[in-house]
Amino acid sequence: MTIAAIDRTPTAVPTELARGRGGGGPATKRVVVAYGFWIFILSDMVMFSALFAAYAVLRGNTADGPTGAELFNLRNVFIETMCLLLSSYTCGLGALSAERRHPERFLIFAACTFVLGAAFLVIEATEFARMVEIGAGPSRSGFLSAFFTLVGMHGLHVTSGLIALVYLVAQVMAKGLRAAVLRRLLCWSLFWHALDIVWVGVFTLVYLMGD
Amino acid sequence: MTHTHEHVFDDRTPGVEEHEPTASYLSYTVGLGLAILATIASFVVSQTELLWPPGIPVGLIVLAFAQIGVHLVFFLHLGSGPDSTNNILALAFGVLIVFLIITGSVWIIANLNSNMMPMSVH
C-alpha cells in the first residue's frame with residue numbers, strides 16, 4: 001500500500017526532479033541493486049580487458065607452432081555465436097515474462113537459455129579437446145597460452161552462469177516470483193547479456209581478425 | 001503519460017515491488033535482428049574481399065562496436081532515462097579503463113618489440 005502511495009508522486013514531478021537525478025526521493029531497491037551489480041560487471045570487464053590485452057600482445061608469438069588460421073574453424077565459431085546470441089534473447093524474454101508474472105513462460109525461456117548456453121559450451125569444449133589432441137595445447141606457445149586463458153575464462157563465466165540459472169529456476173519454483181527473486185533474476189540477466197558482449201570482442205579479435 | 005503510469009502501478013498486485021515497464025518483447029526482437037545482422041556482416045567481411053583488404057580490421061572493429069551498442073541499448077536497456085544516468089557514468093569510466101589497458105599494453109609492447117636487439121632465428 002505504502003509503496004504504491006510513494007510511487008504515484010514521482011511520475012508527476014518534472015524530469016529534472018526525477019529519481020537518479022537528485023530529486024524525487026531515493027531510487028527504488030531494484031534500481032540500486034541493478035546499479036551495484038552493474039559495477040561488478042564493469043569490474044569483470046576490466047579483468048577481461050587485461051586478458052584481451054595479453055592476447056593482442058601475444059597473438060604473433062606462435063613459437064613456430066600452429067597459427068590461428070590453421071586452428072580455428074569459423075563455421076563452429078559462427079554456430080557458437082548464434083547459440084550465445086539466441087540464449088541472450090531467450091534470457092531477456094524470460095526475465096520479461098517473470099516480471100509480467102508468467103512463471104510457466106519464464107520456465108520455458110529459462111530452459112531454452114540453458115540448452116543454448118550448454119550447446120555453446122559443448123562446442124567450445126570439443127574445440128579445446130581437439131586442439132590439445134593435435135599438440136596445440138596452452139603450453140605450446142605464447143599465442144596459445146593467451147588464447148586458452150581468454151576464451152577459457154569466458155567459457156568459465158558461461159559455466160558459472162548456467163549453474164546460477166539452475167539455482168534461480170529452483171528459487172522461482174520454490175518461492176515463486178517474489179520481489180527478491182525478481183531482483184536476482186534481473187542481476188542474472190545483466191550478467192548473461194554482459195557475457196554476450198564479451199563474446200562479441202572474442203569472436204572479432206580472436207577468430208575473425210586472427211584468421 | 002502520468003495517467004498511464006498510474007494505471008500501471010494501480011494494476012500491480014499489492015505488496016509487490018514496483019518496477020518501470022521499460023522493456024518489451026518487441027525491443028528484444030529488434031535487438032536480436034540487429035545483432036544477427038552485425039554478426040553476419042562481421043563474418044562476411046572477414047571472409048570476402050567485400051571491403052578493401054587492408055581496411056578489414058577497421059571494418060570488423062566498427063561492426064563489433066555497433067553490435068556492442070545494440071546489446072547495451074536493446075538487451076541491457078541503457079537509455080537516457082533518469083534511472084540510467086548513474087549506470088551510463090559508471091559505463092563511461094569502465095570504457096576508459098578498458099581502453100587504457102588494451103591500447104596501453106599494445107602500444108608499450110609494440111615499442112619494446114621494435115627496440116629489441118635482433119635475435120638469431122634458431
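## Helices and chain make-up

Helices are DSSP runs of H or I with at least four residues, numbered from the N terminus. In this predicted model, chain A reads α-α-α-α-α-α-α from its N terminus, which amounts to seven helices and zero strands. Chain B has zero strands as well, with four helices, and its pattern along the sequence is α-α-α-α.

Chain A has 211 residues, of which 36% are buried. For chain B, with 122 residues, the buried share is 20%. The contacts between residues at least 6 apart in sequence can also be described by their reach. In chain A, 76% of these contacts link residues at least 24 apart; in chain B, the figure is 45%.

## Confidence in chain A

The average pLDDT of chain A is 89, and 88% of its residues score at least 70. Residues 1-5 of chain A have a pLDDT below 50, and this stretch makes four contacts in the model beyond near neighbours in sequence. Where pLDDT is low, predicted coordinates should not be read in detail.

## A residue in helix H5 of chain A

A:Ile123 belongs to helix H5 of chain A, which covers residues 103-133. Within 10 Å of A:Ile123 there are 16 other C-beta atoms, so the residue is partly exposed; the buried class needs 20 or more, and the exposed class 12 or fewer.

Apart from neighbours within four places in sequence, A:Ile123 contacts A:Asn76, A:Ile79 and A:Glu80. A:Met45 lies 78 residues from A:Ile123 along the chain, and their C-alpha atoms are 24 Å apart.

## Two loop residues with positive phi

Most residues other than glycine have a negative phi. A:Asp64 is not a glycine, yet its phi is positive, at about 60°. A:Asp64 sits in the loop of chain A between helix H2 (29-58) and helix H3 (68-71). Since A:Asp64 has 9 C-beta neighbours inside 10 Å, this residue counts as exposed.

B:His77, also a residue other than glycine, has a positive phi near 55°. The loop that holds B:His77 runs between helix H3 (56-75) and helix H4 (85-114) of chain B. Is B:His77 buried or exposed? B:His77 is buried, because 21 other C-beta atoms lie within 10 Å.

Note on methods. Residues are numbered from 1 along each chain as its sequence is written. Chains are lettered from A and ligands numbered from 1 in the order in which they are written. This is a predicted model: local features need pLDDT of at least 70, side-chain atom pairs count only at pLDDT 80 or more; totals for chains, interfaces and linings use all residues. pLDDT is the predictor's confidence in each residue, from 0 to 100. Two residues are in contact if their C-beta atoms, placed from the backbone, lie within 7 Å.
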